[in-house]
Every structure is written in C-alpha cells, then in structure tokens.
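Work through the exercises below with the sequence and the structure open beside you. Try each task before reading its solution.

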Amino acid sequence: MGCGPGRILKLLQLHGQDAVGFDIDQVVVALCHERGIKNTFVESYDNIDRFSPVDTVLWLNRTLCTAGSLPRIESLLTSSRLCCSKEGVLIFDSVEVGPELANDGPGVLQTSVHFRYNKKVGEPFGRTCFSSNIAERVLQTSGWKVTDTIRDADVYTMVCKTA
Ligand SMILES: C[S@@+](CC[C@H](N)C(=O)[O-])C[C@H]1O[C@@H](n2cnc3c(N)ncnc32)[C@H](O)[C@@H]1O
C-alpha cells in the first residue's frame, strides 16, 4: 500500500514473492517501472479491493499515517481485512504518541507535512500518528488480532492475523 519508488517491493520481488504495489503518485510508480519493479500501478489505497484477494497487506514506513484521520485509518484497516484471504496477515507501523505530543485525543497526533527537495516544495498532506493502544482498539473493530509488536525507539510495528 503506497509503495513509493518500490524500496520494499523490489526486495520482495528479488526474493521471489508475488508482490503487487500501488501508489497514488504517478511519479513514484514511473520510478518503480524504471527500476525494473513489476506489478506496480497508479491507484489509491481506497481502491484496495481491486487487488483482492491477497495473503498479506503491508502498510510500511508510516504509510497508514498518511490516511490523515483515525476514522479513515479504521476504514482502511477494515478494507484491508476484506481484501485478504481467510488466513490473511497485516503488517503496519506507527509511532507512540506521548501526552506531551497528543493533540487529537490521547495517543493521537495530527500534523500537516510537506516534502521539500532543493527549492521544490510539495503540497501539504495530513499525517495521523497513533499509539499502539489506540491501534489495538481500532484493530479489534476492523477484524484483526495482533500477534506481535516489534519496537524500535518510539516506532512500533504490528503483525496481525485475521480475527
Ligand atoms: C511514507 S511513504 C512510504 C513509501 C513506501 N511504503 C516505503 O516504505 O518506502 C507513503 C506513500 O504513500 C503514498 N500515498 C499517499 N496517499 C495515498 C493514497 N491515497 N493511495 C495510495 N498511495 C498513497 C505516497 O505517495 C507515498 O509514496
């Protein structure tokens, strides 16, 4: 989901995985093609059902945070569940949000960010970071069960299976 220029996709394909990637940004999908990465499409992650059924859904490098709000994150986790086979796996990451940073209820941080490269500045977009306890609550209502949580400083990665 939101594969960017294919950093993870390339590795998966090199290891022989039947991996599909898509991103809303046509520039990064063109970069995937240039880099010889197969099965990449310009598509919004709101249309994940186009790729159904899949065994594993990957939302890596804070891609789920780009959904921009907690209700949208919940809805994307539900559609990730619906497009998975019966024994599907979900892997995503986010950042723990302490009380000093939370600005949209406990454990939730809303920010607006944009990319800058030399003198070029991109359009701003909303970013929603959510703590692991918030994630556990949202996963329950969207049909997922957490099987593992991997931590690296304030970043956590959750591995889930269908409930
Ligand atoms: C933080 S980057 C992560 C890229 C990649 N997953 C990685 O780990 O290198 C988030 C990506 O999500 C994409 N994105 C944002 N909104 C999207 C949407 N509605 N549908 C598909 N991709 C989207 C962005 O274009 C960007 O490439």
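The model is predicted: local features need pLDDT of at least 70, side-chain atom pairs count only at pLDDT 80 or more, and totals for chains, interfaces and linings use all residues. Residues are numbered from 1 along each chain as its sequence is written.

**Exercise 1.** State how many helices and strands the chain has, and give their order.

Solution. Helices (H or I, at least four residues) and strands (E, at least two) are DSSP runs, numbered from the N terminus. The chain has four helices and 10 strands. Along the sequence they follow α-β-α-β-β-α-β-β-β-β-β-α-β-β.

**Exercise 2.** Compare the radius of gyration of the chain with that of a compact globule.

Solution. The radius is taken over C-alpha atoms, and the globule rule is 2.2 Å times the number of residues to the power 0.38. For 163 residues the rule gives a value near 15 Å. The chain has 16 Å, which agrees.

**Exercise 3.** Name the domains and say how far apart their C-alpha centres lie.

Solution. By an automatic or database domain assignment, the chain is divided into domain 1 (1–43) and domain 2 (54–162). Their C-alpha centres lie 20 Å apart.

**Exercise 4.** Describe the nonpolar cores.

Solution. A nonpolar core is a set of buried Ala, Val, Leu, Ile, Met, Phe, Trp, Tyr and Cys residues joined through C-beta atoms within 7 Å. The largest has 24 residues, and Val57, Trp59, Leu64, Ile73, Leu76 and Phe130 have the most contacts inside it. Elements giving two or more residues to this core include strand 3 (54–59) and helix 3 (70–82). A second, separate core has seven residues, among them Cys3, Phe22, Cys32 and Ile37.

**Exercise 5.** Is glutamine 110 buried, partly exposed or exposed?

Solution. A residue is buried if 20 or more other C-beta atoms, placed from the backbone, lie within 10 Å of its own, exposed if 12 or fewer, and partly exposed in between. Glutamine 110 has 18, so glutamine 110 is partly exposed. Glutamine 110 lies in strand 5 (residues 108–113).

**Exercise 6.** Which residues of the shell are closest to the ligand, and from which domains is the shell drawn?

Solution. Domain 1 (1–43) and domain 2 (54–162) each give at least three residues to the shell.
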